[in-house]
Amino acid sequence: MVMRLDKLLANYGIGTRKEVKSLIRKGFVKVNGMIIKKDDFKVDHEIDEIVFDDELIEYRPYVYIMLNKPAGYISATKDNLHPTVLELIEGYENYDLFPVGRLDIDTEGLLLITNDGDFSHKLMAPSRNHSKLYWAEIEGVMDEKDIDSFKKGIVLDTGYCCKSANLKVIEVDDNCCKVEIEIFEGKFHQVKKMVEVCGKEVIYLKRLSIRNLELDRSLALGDFRELSNEELVDLMEDL
């Protein structure tokens with residue numbers, strides 16, 4: 001990928017575009033062993049050796065981050081009323097990150113953060129039928145009738161018929177239960193609305209996986225890490 005030298009260094013986190021321009025003009029940057037003082041100099045991060053103040057720059061155009069989202073955060077880049085999930089991600093301020101899809105403000109679990117728009121679209125487009133697995137605690141007891149309704153496709157009160165989904169009852173205790181729900185789309189409040197149609201209520205919801213990518217159980221709520229190369233390759237296979 002060819003881009004301006006000042007843009008690459010700013011994206012890398014050296015400083016703002018204005019600060020980076022000044023540093024380049026002062027001779028702090030070498031490209032392939034030569035000092036470059038033109039901030040609009042074109043470089044290719046895959047080919048050129050770029051060194052800033054004797055530090056080799058290993059630039060990546062895209063980043064892919066797994067967040068264990070806590071409740072209380074909006075899956076958005078900006079919000080005037082609530083904190084956003086991006087406020088939990090530190091050290092990537094120059095990457096123009098955004099959440100891949102969304103989780104409700106009170107929903108926890110696996111949320112991907114990236115700056116790769118094509119990846120986000122392919123992963124979340126309903127037409128792709130990618131699996132999303134949730135753990136839910138329910139007020140009321142889900143039964144075989146509900147399992148069958150999920151499999152046939154729940155019809156919401158709006159008239160929309162959800163795609164066939166999988167409901168697995170894990171534990172029943174008095175008038176509540178714990179279940180796993182696998183859906184293959186991502187409509188607004190979909191899991192909660194599907195359960196509501198069955199006459200029950202979701203009181204806790206957590207996303208466990210997207211496709212074959214599982215939430216890292218070692219991540220505490222609010223913690224994040226980049227996807228490993230293996231995870232990324234598996235996730236992008238046939239995407």
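Is F224 buried, partly exposed or exposed? With a relative accessible area of 26%, F224 is partly exposed, where buried means under 20% relative accessible area, exposed over 50%, and partly exposed in between (1.4 Å probe, protein chains only).

The model under review is predicted: local features need pLDDT of at least 70 and side-chain atom pairs count only at pLDDT 80 or more, while totals for chains, interfaces and linings use all residues. Residues are numbered from 1 along each chain as its sequence is written, and side-chain values use heavy atoms, with hydrogens and water left out.

1. Surroundings of F224. F224 belongs to strand β15 (residues 224-226) and Y92 to the loop between β7 and β8 (98-99), so their pairing ties together parts that are 132 residues apart in sequence. Helices (H or I, at least four residues) and strands (E, at least two) are DSSP runs, numbered from the N terminus. Y92 counts as buried, at 15% relative accessibility. Y92, Y95 and F224 are linked into a cluster by ring pairs.

2. Aromatic pairs. The structure holds 4 aromatic pairs; rings of Phe, Tyr and Trp (its six-membered ring) pair if their centres lie within 6.5 Å, and planes under 30 degrees apart count as stacked, over 60 as edge-to-face and the rest as tilted. In one of these pairs, the ring centres of Y64 and F119 are 5.0 Å apart and the planes stand at 75°, so the arrangement is edge-to-face. Because Y64 lies in strand β7 (residues 64-69) and F119 in helix α3 (residues 117-124), this pair ties together parts that are 55 residues apart in sequence. Y64 and F119 are both buried. For Y92 and F224, the centres are 6.3 Å apart and the planes are at 75°, so this pair is edge-to-face.

3. T114 is part of strand β9 (residues 108-114) and counts as buried, at 0% relative accessibility. Its contacts (heavy atoms within 4.5 Å) include Y64 and F119, together with V63, D96, L97, F98 and V100, not counting residues up to four places away in sequence. The side chain of T114 also reaches the backbone oxygen of V63 at 2.7 Å. A polar contact is a pair of N or O atoms within 3.5 Å; within protein, one must be able to donate a hydrogen and the other to accept it, and residues adjacent in sequence count only if both atoms are side-chain atoms.

4. L219. This residue lies in the loop between β14 and β15 and is buried, with a relative accessible area of 12%. L219 touches M66, N68, F224 and R225, leaving aside residues up to four places away in sequence. From D116, L219 is 103 residues away in sequence and 23 Å away in space, C-alpha to C-alpha.

5. K200. The loop between α5 and β13 holds K200, which counts as buried at 15% relative accessibility. K200 and G140 are separated by 60 residues in sequence and by 5.2 Å in space, C-alpha to C-alpha. Beyond residues up to four places away in sequence, K200 touches I138, E139, G140, V141, M142, D146 and V195. A polar atom of the K200 side chain lies 3.5 Å from the backbone oxygen of V141.

6. The largest pocket. Its volume is about 300 Å³. Of the 20 lining residues, the closest to the centre are R102, Y134, G186, K187 and R207. Two or more lining residues come from each of β10 (132-139), α5 (190-197) and β13 (201-210), and α5 provides the largest share, 3 residues. By class, the lining has 8 nonpolar, 5 polar and 7 charged residues; Ala, Val, Leu, Ile, Met, Phe, Trp, Tyr, Cys and Pro count as nonpolar, Asp, Glu, Lys and Arg as charged, and the others, Gly among them, as polar. On a 1 Å grid over the protein atoms alone, a pocket is an open set of points where a 1.4 Å probe fits, with protein on both sides within 12 Å along at least five of seven lines; lining residues have an atom within 4 Å of a point. Grid points are joined across faces, edges and corners, and a volume is the space filled by probe spheres set on the points.

7. Positive phi angles. D174, although not a glycine, has a positive phi of about 55°. D174 sits in the loop between β11 (166-173) and β12 (176-183) and is exposed, with a relative accessible area of 72%. R211, also not a glycine, has a positive phi of about 50°. R211 lies in the loop between β13 and β14 (213-214) and is partly exposed, with a relative accessible area of 23%.
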